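Please go through the assembly below, starting with the contact between its chains and ending with a sheet in one of them.

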Amino acid sequence: MKLKTLQFGEIEFSDDLIIEFKDGILGFEDLKRYVMITEEEGIFYWLTAVDEPEIVFPLFPISSLKEDYPQKDDYEVFGIVRLAKEPEDITINLKAPIYINQAGKSGFQKILDTEKYPVDYNLFVEKTEE
Amino acid sequence: MLILSRKKNEKIRIGTDIVVQVLSISDSQVKIGIDAPSSVKILRDEIYEDVKKHTIEATIQSKEKPAPDLSELVVNKLNKGK
């Protein structure tokens, strides 16, 4: 399949890389099919809607942030990242994580109704802070 | 919006599979119980709105694909006894 993306131009990939989100993603419930695009030097995964390629969710693996974050067997857990011009303003959603099973080609979003995890957590801090 | 008045313990049925019950009433708070199939997602509305807002902003910002200068920054680990 070929897709025209804003960030990466036209891309081509095998259809068996398509990940199904049975219930879509909150706010975009009608979009059920996605591909994960990664760059060699990049730190984010770009979850791109196959049926509407302008809709892209930058993802970051939450395991790098918190070891005991809720896991699910066979799935990797990511947070949707809201990018910004200033890196200190970049936030990640820890309240509504995205679970992806790439081998099984399925993914889903879970909402954690707990104060422990905010919707807009600062992804980066300055190195000098201990 | 459909508006109904219910007394404590009374119920409302939505569609065929969803039942909402008033469990307790106090001055400032109502405790509500909801019986629904697991396929129906139930959320405090402010969480739904907050998540939706952040997600929409994320898709808008993704178009910029900034390449932040991360040399002075580290990932903000959550393990500090929080």
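**Interface and sheet**

The contact draws 51 residues from chain A and 33 residues from chain B, where contact means heavy atoms within 4.5 Å. This is a predicted model, in which local features need pLDDT of at least 70 and side-chain atom pairs count only at pLDDT 80 or more, while totals for chains, interfaces and linings use all residues. Residues are numbered from 1 along each chain as its sequence is written, chains are lettered from A and ligands numbered from 1 in the order written, and side-chain values use heavy atoms, with hydrogens and water left out.

Together chain A and chain B bury about 3,700 Å², of which 65% is on carbon and sulfur atoms; buried area is the accessible area (1.4 Å probe) that two parts lose on being put together, summed over both. Leu26(A), Arg82(A) and Lys127(A) supply 15% of the area that chain A buries against chain B, more than any other three residues.

There are 3 salt bridges between chain A and chain B (a side-chain nitrogen of Lys or Arg within 4 Å of a carboxyl oxygen of Asp or Glu). One of them joins the side chains of Arg44(B) and Asp113(A), at 2.8 Å from N to O.

Chain B holds an open sheet of 3 strands in the order β1-β2-β3, with antiparallel pairing. Strands are DSSP runs (E, at least two residues), numbered from the N terminus, and two of them pair if DSSP finds at least two bridges between them. β1 (11-14) and β3 (30-35) of chain B are at the edges with a single partner strand each, so one side of each has no neighbour in the sheet. Strand β2 (residues 18-25) of chain B pairs with β3(B) over 6 bridges, and Ile25(B) stands opposite Val30(B) in β3(B).

Note on methods
Helix = DSSP H or I, 4+ residues; strand = E, 2+ residues; numbered from the N terminus.
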